[in-house]
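Colleague: I'd like a close look at one part of this model before we talk about the rest. Could you walk me through it?

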Amino acid sequence: MMDTLQAEVYTALTGTGYAVHYFYPQDGFTLPCITWRESNNREYGQAGGNEFVTEVEYTIDIWAVTPEATATMALAVDTALAALRLKRTFSYDLYEQDTRVHHKNMRYRALIRLDEQKIYQ
């Protein structure tokens, strides 16, 4: 079965109004921006010998010039992904000293059963 919410997550992130890139910022990117990836997709439960529930996890990275900007962006991301019923499981502030870029790493998780359009936290 291997369900995924990649399309929904991408749409939600682009709806924040910030530039969105898959995995890492692309060449010629400008700040602020968001990067994302599906960092886990595993069978969570079976029924009748088939995958019944899938666990998915998405890693979101926010890149900006100031910590205030990353905080504002994080709120927009959190609101967008909570609307999909994804649960935030991790959030951590980082500072890239060599580039002087503020970076926030966030992770979101859900249990899904897309054949019935169900998302569990």
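Is Phe23 buried or exposed, or does it count as something in between, and why?

Modeller: Keep in mind that this is a predicted model. Phe23 counts as partly exposed, because its relative accessibility is 33%, and buried would mean under 20% while exposed would mean over 50%. You'll find Phe23 in the loop that runs between β1 (19-22) and β2 (33-47). Together with Tyr22 and Tyr24, Phe23 makes a nonpolar surface patch of about 340 Å².

Now follow the chain into β2. Arg42 pairs up with Glu55 in a salt bridge, with the closest N and O atoms 2.4 Å apart. Arg42 sits in strand β2 and Glu55 in strand β3, so this pair ties together parts that are 13 residues apart in sequence. Glu55 is buried, at 9% relative accessibility, whereas Arg42 is partly exposed at 39%. Glu55 also forms a salt bridge with Arg109, where the closest N and O atoms are 2.6 Å apart. Put together, Arg42, Glu55 and Arg109 are linked in a salt-bridge network.

As for the inside, the largest nonpolar core has 25 residues, and Ile60 is among those with the most contacts inside it. β2 is one of the elements that each supply at least two residues of this core. Leaving out residues up to four places away in sequence, Ile60 touches Ile34, Thr35 and Trp36, among others.

Note on methods. Residues numbered from 1 in each chain as written. Predicted model: local features only at pLDDT ≥ 70, side-chain atom pairs only at ≥ 80, totals over all residues. Heavy atoms only, no water. Patch = residues over 30% accessible without salt bridge, like charges linked within 9 Å, V, L, I, M, F, W, Y side chains within 5 Å. Areas by Shrake-Rupley, 256 points an atom, 1.4 Å probe, with all protein chains shown as cover. Salt bridge = Lys/Arg side-chain N within 4 Å of Asp/Glu carboxyl O. Helix = DSSP H or I, 4+ residues; strand = E, 2+ residues; numbered from the N terminus. Buried < 20%, exposed > 50% of the residue type's maximum accessible area, 1.4 Å probe, protein only. Core = buried A, V, L, I, M, F, W, Y, C linked by side-chain atoms within 4.5 Å. Contact = heavy atoms within 4.5 Å.
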